[in-house]
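Thank you for making time this morning.

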2 protein chains.
Amino acid sequence: VAVSEVRGQDPDGRPGTERLSQRARRVGAAYAGPGSGADVPAGEDPPIGFVAGLPDPAVLPAGELTAAFAKVLATDTDPALQYGGAQGHPALREWLAVHWAAIDGAPGSAARFTLTNGAAGALANIADTFLDPGDVVVVEEFSFSGSVRTLLQATPRIETVPVDRDGLDPDALADLLDRLAAAGTPAKMLYTIPAYQNPTGATLAADRRRTVLDLCARHGTLIVEDEAYREVWFGTEPPPSLYAMAGGAGVIRIGTFSKILAPGLRLGWCQAADDVTGALVATRTDMGTSPLVQRAVARLARTGFLDAHIPRLRGHYAAKSAHVVRGLAAHCAPYATWQEPGGGFFAWLTLAAGTDPLALAEAAREEGVTYVSGNVFAAGGDAGATSFRRWGPGDSPHLRLAFSHVPDDEISEGVRRLGAALARAAGQR
Amino acid sequence: VAVSEVRGQDPDGRPGTERLSQRARRVGAAYAGPGSGADVPAGEDPPIGFVAGLPDPAVLPAGELTAAFAKVLATDTDPALQYGGAQGHPALREWLAVHWAAIDGAPGSAARFTLTNGAAGALANIADTFLDPGDVVVVEEFSFSGSVRTLLQATPRIETVPVDRDGLDPDALADLLDRLAAAGTPAKMLYTIPAYQNPTGATLAADRRRTVLDLCARHGTLIVEDEAYREVWFGTEPPPSLYAMAGGAGVIRIGTFSKILAPGLRLGWCQAADDVTGALVATRTDMGTSPLVQRAVARLARTGFLDAHIPRLRGHYAAKSAHVVRGLAAHCAPYATWQEPGGGFFAWLTLAAGTDPLALAEAAREEGVTYVSGNVFAAGGDAGATSFRRWGPGDSPHLRLAFSHVPDDEISEGVRRLGAALARAAGQR
């Protein structure tokens, strides 16, 4: 149900939902139709679900978190349980500065980091701080639908650039930025996920990164770089971040502990130049996120647990990815193409011509496997909630398989079922 | 420093903070000037601070929280550490429904509650969902500055109504609503803190509540009722909430676990009619607050700890309040007036005519006692950060004493110092 369809009635004329804001109408409810993964009823024999970008429960460090919370509550009771300020716990920001400087030489100081309610909270803060209604925001043609909803709240105009296996297409970006400037509506912001992009898994090549930075500097376009999946690389590390390459000028980097620790902590971060960080912090009205959670995570960071945990996660998810890729080769090769994931939680499939996506959705339901249709991530098109529906609900030639959360012993069977569904849907369009 | 004064410079033209949004410019940074409580440097002999509306560290239940987090992480590991959804943990919402139905008969069901990042998060969600730029929002002439900042983000026009010891003045509200309607700019929203108002401590009388409801229903004005302090009553319970009296129609109630448990949990809530709740949840983009924290608090709620803790808090803060009132009578009576707090964390003083607030601020600094000047809470006047400065920085005849966080053995000495400062500042204007 789109928000704009929700309308209250009160016999005495007392206000309900008759006059929702433009923000509310624009953002819409999260898409829940065909191919969203939310359209499959859990029955007696629940499907194998390649739906959500969740960590594997097998690697959630419950014991370490228990010890960290206990220690913080015992030793830092008052600061952990009172308000912690909008920017967040200095010790965790200090760890982030050292951590990221070591990874890609990003100019680091704790003062450049802000702790947020996940990467989503960081992006909302950025949108609040920089976007006015009608501003133009450029995103990849397939992008994380949650981020697009967050951006849409600021009621900007969304434009898109194509993505291939090396990330967003810099020639298309150059053309788009030129066109927008010529029309008197220069792009205010580029939101990009350059490493193990959600949903395509693409990583922006090093030479493209330099071009993107130059183009955006020339057009005065602020870059928001979402590195939610960056640390989960398989074999080869991704190129340095746009933030690091730019020395922090003109780029805001956002990230999260959701993928390397746990989403349930709702803890993300934002790295930006000093003046930008000042503006972001000053614009916040949420009185900060939990200092208790921040201090527990700081403990896991400073005791070295995270430094050991992250490499373990790389191996863990690399094995799951390889498992998926073997299954795809065995069962799906005639019916779709894909690229081996270099990191992250997702495989992105493109259906062979002639395969009907809606027939596939129906067959997958019957075979007992779920995925998310590419249309959920298609950010272009009309404004509002409908912007996720370029092809109509479920009717996209792409699909995202999230393998991170699927138990190891179900991956093979799940991909086999997908192959069976593909075989049934092949040649039906 | 107001946000609008923060401007970035980059030699290569890369964007910084040159083009902040209207939201960012409007909300401004939190006030930090004279009388804010942030203007007193901590020296070798720190002042006694009646500044922040914080719980007493003596009643923060660290041990119970440690046990609750440990139990939740042991038994509900996966749901506590994955995403928990925008509306929040059903068991805690169920407890809230039963709890509030018992207090004031508010029509209750878990479906009408949403869990948020404190009451501040609830208010931000409401503003996002209902306010467009230019909409008129009515607030009490003195109100919580954090809430006013949150409302200002939506760039509405703020109008105010006077407050006396029985809460907001219904005649003034009637006049204002009529004037606004006649001008073609009817009030979209009334934000009120009807119980132990921050900063004045006033509680809206029962008969006024009925009048306020009738007026707002007639004008189609949505009421947002902030009950952050409601449960901390001394001796006599406050009247039923506006939400309960209206049967939930036309009123959104917000609250928090910050005052009855701990601010560091960053956990608040919102209670509203079904369709309003649906719109609020659909407008959120933050992927919810921490399900781990929600489940730990649910445990403290469902095991009965909270039901025992809240009455203890009432006695604890009532004793502190009585302590303050005795001190005021002994040391400050010739120089100021006040009303005995009926609940909450604050005493509100009005200086006698002829006492210069800036001379008082200087004398208080020298005596070693701090408070917050009334101008911080004065919500009327110009838009933006300056709206908190009706009298110019610190130059207000009112001051707020927050007694909740001051150790028992410092209250007498702190109020004695305030009396000494008042005596020095008396007759200086």
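Predicted model: local features only at pLDDT ≥ 70, side-chain atom pairs only at ≥ 80, totals over all residues.

Residues are numbered from 1 along each chain as its sequence is written, chains are lettered from A and ligands numbered from 1 in the order in which they are written, and side-chain values use heavy atoms, with hydrogens and water left out.

Let me turn to the interface. Chain A gives 79 residues to the contact and chain B gives 79 residues, contact meaning heavy atoms within 4.5 Å. Of the interface residues of chain A, 100% are also interface residues in chain B, so the copies meet through the same surface. Between them the chains bury about 6400 Å², 59% of it on carbon and sulfur atoms; buried area here is the accessible area, taken with a 1.4 Å probe, that two parts lose on being put together, summed over both.

The rule finds two salt bridges across this interface, a salt bridge being a side-chain nitrogen of Lys or Arg within 4 Å of a carboxyl oxygen of Asp or Glu. One pairs Arg23(B) with Asp128(A), at 3.1 Å from N to O. Salt bridges that share partners join Arg23(A), Asp128(A), Arg23(B) and Asp128(B) into one network.

Over all chains, the count by this rule comes to 36 salt bridges. Within chain A, Arg253(A) forms one with Asp104(A), their closest N and O atoms being 2.9 Å apart. Arg253(A) lies in strand E9 and Asp104(A) in helix H4, so this pair ties together parts that are 149 residues apart in sequence; helices (H or I, at least four residues) and strands (E, at least two) are DSSP runs, numbered from the N terminus. Both Arg253(A) and Asp104(A) are buried, where buried means under 20% relative accessible area, exposed over 50%, and partly exposed in between, with a 1.4 Å probe and protein chains only.

In chain B, the side chains of Arg112(B) and Asp274(B) meet in a salt bridge at 3.5 Å, N to O. Arg112(B) is in the loop between helix H4 and strand E2 of chain B, while Asp274(B) is in helix H10, 162 residues apart.

Finally, two buried residues of chain B. Arg295(B) lies in helix H11 and counts as buried at 18% relative accessibility; leaving aside neighbours within four places in sequence, its contacts include Val72(B), Asp76(B) and His89(B). Ala246(B) lies in the loop between helix H9 and strand E9 of chain B and is buried, with a relative accessible area of 8%. Beyond its neighbours within four places in sequence, Ala246(B) is in contact with Leu213(B) and Val251(B), and also with Arg14(A).
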